Protein chains: 4
Amino acid sequence: MQCISEDMSAFMAEVVKEEQQKKHKGDTATTMDVVDLEDKELFGIAAVGTDGRVEQGAEAGAKFPLESVSKALGLALALEDVGADYLFRHVACEPRGDQFNSVAAIEQGENGLPSNPMINAGAIVCTAHIKGKNGDERFARLLQFVRDLADNQDIDYNKKMVEEEEKDVNRSIFYYLRGQGLVVGREEDKLVPYFKQTSIEVTCLDLARIAAVFANAGRCLKTGKALISEETVRIVLTLMFTTGMYEGSGRFAVDVGIPAKSGISGAIMAVVPGRMGISTIGPALDEHGNSIAGVNMLKKVARRWHLGAFDMQNVINTANKYQHKN
Amino acid sequence: MQCISEDMSAFMAEVVKEEQQKKHKGDTATTMDVVDLEDKELFGIAAVGTDGRVEQGAEAGAKFPLESVSKALGLALALEDVGADYLFRHVACEPRGDQFNSVAAIEQGENGLPSNPMINAGAIVCTAHIKGKNGDERFARLLQFVRDLADNQDIDYNKKMVEEEEKDVNRSIFYYLRGQGLVVGREEDKLVPYFKQTSIEVTCLDLARIAAVFANAGRCLKTGKALISEETVRIVLTLMFTTGMYEGSGRFAVDVGIPAKSGISGAIMAVVPGRMGISTIGPALDEHGNSIAGVNMLKKVARRWHLGAFDMQNVINTANKYQHKN
Amino acid sequence: MQCISEDMSAFMAEVVKEEQQKKHKGDTATTMDVVDLEDKELFGIAAVGTDGRVEQGAEAGAKFPLESVSKALGLALALEDVGADYLFRHVACEPRGDQFNSVAAIEQGENGLPSNPMINAGAIVCTAHIKGKNGDERFARLLQFVRDLADNQDIDYNKKMVEEEEKDVNRSIFYYLRGQGLVVGREEDKLVPYFKQTSIEVTCLDLARIAAVFANAGRCLKTGKALISEETVRIVLTLMFTTGMYEGSGRFAVDVGIPAKSGISGAIMAVVPGRMGISTIGPALDEHGNSIAGVNMLKKVARRWHLGAFDMQNVINTANKYQHKN
Amino acid sequence: MQCISEDMSAFMAEVVKEEQQKKHKGDTATTMDVVDLEDKELFGIAAVGTDGRVEQGAEAGAKFPLESVSKALGLALALEDVGADYLFRHVACEPRGDQFNSVAAIEQGENGLPSNPMINAGAIVCTAHIKGKNGDERFARLLQFVRDLADNQDIDYNKKMVEEEEKDVNRSIFYYLRGQGLVVGREEDKLVPYFKQTSIEVTCLDLARIAAVFANAGRCLKTGKALISEETVRIVLTLMFTTGMYEGSGRFAVDVGIPAKSGISGAIMAVVPGRMGISTIGPALDEHGNSIAGVNMLKKVARRWHLGAFDMQNVINTANKYQHKN
């Protein structure tokens with residue numbers, strides 16, 4: 001029995017067509033102007049089963065920057081590097097509905113910590129805790145981590161985007177954190193890797209492969225080798241579920257119920273534990289900064305195929321699939 | 001194969017003993033002074049498998065008021081009565097780290113709505129939407145719902161507690177909501193049922209039975225009859241996961257990972273989907289208002305037996321149990 | 001030498017004409033719909049010197065409700081009745097930029113107190129502390145106080161406005177305050193007088209006469225009898241200066257510099273200590289709820305005639321006038 | 001007739017003795033550890049009449065850094081340099097009760113502007129607008145301005161304090177402001193002058209002389225030459241009155257009523273328009289960061305000698321003195 005059935009494949013193909021035809025109107029991120037996207041109207045979906053089956057729809061092969069989707073990956077590597085106990089003394093894990101780029105969120109946060117790793121302040125703390133003797137090494141390790149998860153050694157970051165992007169608000173956050181002792185060291189060593197990680201360019205397929213590794217309990221789909229520990233997978237999925245969709249996280253949890261992380265490039269990475277990774281791209285954003293088409297597609301797929309974490313049918317289905325694989 | 005194995009039973013017995021011996025120091029709710037608790041040092045745990053197996057530890061038979069645990073049940077009945085679409089136009093579903101009794105939380109909340117059904121303002125909205133031609137009927141329906149879920153027709157509310165409890169902050173919230181058009185009608189019809197629901201007295205065993213119905217996809221453990229729709233179960237569990245433990249919800253999700261709702265009586269109701277309901281009581285509260293012993297016990301049990309929603313082992317285990325049952 | 005010179009009279013006449021011709025567009029208060037204003041396009045100015053000289057422009061004889069202007073008068077009588085030490089243990093005196101009708105402002109205010117007497121919460125506290133054995137007596141005393149200050153025994157309140165106005169947000173504030181122990185007693189005794197005070201109807205001339213008593217150190221212009229103590233005048237003027245113009249108070253202090261209190265009826269009462277009281281009416285409101293025309297007129301008059309508290313010329317001028325009078 | 005009478009001198013001497021003997025306990029600023037104060041128990045008062053009369057008490061000749069008192073002076077020079085219209089498009093003038101070093105205060109402030117020039121964010125904006133082709137020139141002009149106001153060319157800043165002080169929170173504020181376009185340019189040109197200004201070292205007598213120039217409508221006490229425009233004096237005094245004493249500004253306005261600016265060095269600069277400048281130093285700070293002894297001394301002097309802006313007697317007194325001088 002397959003993680004992604006024929007029926008489900010057909011349904012996804014249907015859904016992507018429906019949403020693409022709607023031609024959603026919404027903001028697109030200003031940073032996206034910097035990027036030479038092959039297609040600003042980029043639109044796609046990809047799914048990768050934990051059994052390795054791949055589904056793609058629309059332009060799933062076009063590249064876009066990870067933007068905030070990278071926060072889930074920076075968090076994962078930081079957890080691997082320094083452990084949860086240490087990391088969560090520097091960033092809290094409470095959903096609080098903070099603006100993603102809020103400095104206020106630190107001042108008014110949980111015990112003076114950034115409220116969680118999915119807002120900029122928390123993500124900057126995470127990336128600053130990734131091991132490396134300087135900024136280059138720190139970022140190189142993160143980039144390699146991403147390449148390994150995606151099983152694609154060609155993935156790289158967009159230098160032009162790093163150079164041209166507006167950095168002052170994140171710089172403000174960085175110095176505030178440093179003033180609080182939550183990060184130490186220089187901008188180039190501790191903050192620049194964060195700028196670079198947001199500019200890492202992937203395709204929908206890359207992102208779905210990464211998600212599938214999380215779905216597969218952190219193990220490589222081909223070799224079964226643990227690329228991420230089960231403990232880290234558990235924590236990252238939990239935080240994706242409670243905080244991954246900006247200020248729309250609670251609603252998304254109710255409507256869709258799949259742990260997911262969005263970015264203002266219009267990307268969403270979603271993980272159905274035990275079963276599959278899904279990635280969508282669609283640049284028109286809703287008021288929270290989430291891709292309108294992406295949220296719609298995931299909602300339709302999740303509800304139709306019972307993929308939500310607390311969907312009673314999911315409990316049964318996942319079990320079935322997972323057992324067949326193990 | 002059993003939902004609650006012999007090993008797990010023994011482990012729970014161990015855990016309850018450990019925590020009871022620690023004699024946690026913490027605040028206890030002032031409202032608890034009103035209640036003639038048989039034992040103020042009340043301490044207990046109970047678990048009920050979806051297969052009907054019952055485990056109890058310490059004084060699991062002593063009564064205590066539901067307090068905020070009732071919010072999950074009021075939400076469930078409101079969802080059954082008016083549906084999610086209608087209800088969520090009157091209360092949002094975003095975790096925001098608001099103080100449970102905050103009026104500010106409405107003013108500054110999601111589009112002028114209470115941020116979620118697990119803070120007082122949101123819970124008052126939910127209960128006000130339960131069907132009934134007046135306050136008495138509204139509450140009678142909720143009480144019957146609770147009795148049916150617990151399979152105990154003797155459950156009742158504590159009149160003395162309702163009379164003597166401090167009501168002005170909730171009254172303030174009620175009039176603010178009415179001023180915003182989120183509730184309509186008189187205090188006695190729309191607010192008094194809320195006061196009564198928090199004073200409903202149960203035992204750990206009652207509460208674990210209620211939780212087990214949620215774990216069993218809303219169906220009666222004995223008859224299989226749907227007492228709650230799968231859709232309502234899904235939404236309630238999601239909101240318990242993201243917002244059920246006051247301002248400690250995010251941390252609890254990471255540390256324990258089981259959808260749960262706590263009350264300042266020291267009670268916690270926890271649902272392991274497909275597998276079991278668990279209830280704990282221990283009056284010493286942490287800074288968020290959650291039972292210190294309860295959180296500790298649930299953490300130990302969840303981590304040892306992989307009960308967390310995003311615990312990779314849980315995916316497998318739950319599946320096994322569930323299948324055997326169905 | 002006169003408090004209001006011929007030149008100044010002519011200037012005021014000019015200014016009122018200028019502003020009236022501008023036909024400002026702005027919101028008008030919804031409560032104003034309840035009032036049978038003789039003229040919804042009500043527009044006027046009046047000034048009364050501490051030497052008794054009276055100036056009027058436009059329709060200075062038409063009636064309008066005091067609305068929030070009454071807060072300065074309720075504060076004054078509460079100070080007379082219970083003293084500053086006692087009163088300021090129940091309401092703080094910090095400008096905080098709070099929304100006038102905010103409940104949040106109490107929760108997040110200065111030590112759990114309403115931030116100041118010029119927001120609704122603070123004003124409700126003040127009025128609740130006015131002496132009286134019940135609500136009727138409490139309000140009767142305030143109404144008499146207003147009549148005496150205005151030297152007009154015909155002043156009364158608008159019963160229809162009290163009946164029809166939306167009361168739930170203020171009721172919410174009242175119960176929150178009562179829950180905090182900042183007010184005690186029943187709605188009809190402690191809150192209803194507040195609703196009534198906001199509906200007291202005056203003319204521009206009435207209001208300018210009231211302001212002139214403050215300008216005259218609390219003494220009756222005719223008899224010299226102390227109607228308000230100097231201590232109370234000092235405190236009320238200070239709070240009008242720092243908090244009297246809603247969230248535009250700081251800007252008004254810089255631009256105009258005269259202690260003033262505005263209401264959403266479009267009224268402003270302004271006090272030039274030692275010299276004169278000024279009142280304006282003009283219903284179009286700016287984003288803070290202050291009369292656009294009123295602010296403009298006061299700014300022009302204040303700057304041209306150096307009436308601001310920290311205007312260096314004012315120091316000299318006021319002194320001159322005052323001396324001649326005493 | 002004198003600005004500072006014999007009686008008042010004797011009273012001040014009494015007051016300083018009373019407060020010194022109380023040996024107030026309170027926090028002292030951590031930055032003060034950097035400074036080689038001649039005496040950490042520094043305690044003093046000085047008053048300078050607009051007629052030039054000087055009064056000093058306790059150790060009024062010992063040096064201390066201006067800290068936040070410098071905000072009033074940076075504001076004054078910025079107003080002189082770019083004018084109120086331009087400056088107040090970059091910083092608002094609303095009292096909001098914000099923490100002095102809050103970044104949140106900008107995010108949540110008046111239209112995205114720092115709420116007023118007396119919080120760090122607002123002060124950084126002001127200093128960045130002082131004319132100068134680079135940071136050195138900008139600060140040199142401010143230092144010269146201070147020297148001229150104090151009539152003391154030996155005043156300088158404390159280089160060690162600038163080097164060793166914790167800068168990250170202000171750096172965070174600076175980059176946030178730059179991200180919002182409210183300041184432009186490099187740290188060394190626009191932020192470093194702010195660090196330097198807070199470290200300018202003065203004595204109580206220097207500070208009282210500076211305050212006396214404000215009291216004298218901006219004119220040199222000796223020559224009558226305008227060192228500050230009347231317009232700037234008016235605005236600075238207004239903002240000192242509404243926002244000069246951190247989160248205790250409203251209370252201070254009611255209790256004391258003199259425009260004043262405090263610093264965490266324990267200094268307060270107070271201006272009695274038309275009459276005198278007063279300066280106090282006493283390092284023990286209250287919960288808002290204001291000198292406990294300083295506030296007490298100013299309160300006693302203000303109330304006994306009717307120096308408050310809305311003290312009815314002040315209106316008369318000031319007038320008398322001022323007239324005799326002019």
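View 1. Which residue of S2(B) is the bridge partner of B:Gly44? The partner is B:Ala58. In this predicted model, strand S1 (residues 44-49) and strand S2 (residues 54-58) of chain B run antiparallel and are joined by 5 bridges. (Strands are DSSP runs of E with at least two residues, helices are runs of H or I with at least four, and both are numbered from the N terminus; two strands pair if DSSP finds at least two bridges between them.) Between S1(B) and S2(B) sit 4 residues, making a hairpin, and B:Gly52 in the turn has a positive phi of about 95°.

A quick note on the numbers: residues count from 1 along each chain, while chains are lettered from A and ligands numbered from 1, in the order in which they are written. Local features need pLDDT of at least 70 and side-chain atom pairs pLDDT 80 or more, whereas totals for chains, interfaces and linings use all residues, and side-chain values use heavy atoms, leaving out hydrogens and water.

**View 2. Chain D meets chain C.** Here 43 residues of chain D touch 43 residues of chain C, where contact means heavy atoms within 4.5 Å. Together the two chains bury about 3,700 Å², with 64% of that on carbon and sulfur atoms. (Buried area is the accessible area, with a 1.4 Å probe, that two parts lose on being put together, summed over both.) Look for D:Arg234, D:Phe310 and D:Met312: they supply 22% of the area that chain D buries against chain C, more than any other three residues.

**View 3. A salt bridge between C and D.** C:Arg303 pairs with D:Glu231 in a salt bridge, and their closest N and O atoms are 2.9 Å apart. (The rule wants a side-chain nitrogen of Lys or Arg within 4 Å of a carboxyl oxygen of Asp or Glu.) Chain D and chain C have 2 salt bridges between them. Helices H11 (204-215), H12 (230-243), H13 (249-255) and H15 (312-325) of chain D each give two or more residues to the side that touches chain C. H12(D) provides the largest share, 10 residues.

**View 4. Chain B meets chain A.** How many residues does the contact take from chain B? It takes 43 from chain B and 43 from chain A. B:Arg303 forms a salt bridge with A:Glu231, with the closest N and O atoms 3.0 Å apart. On the side of chain B that touches chain A, H12(B) gives the most, with 10 residues.
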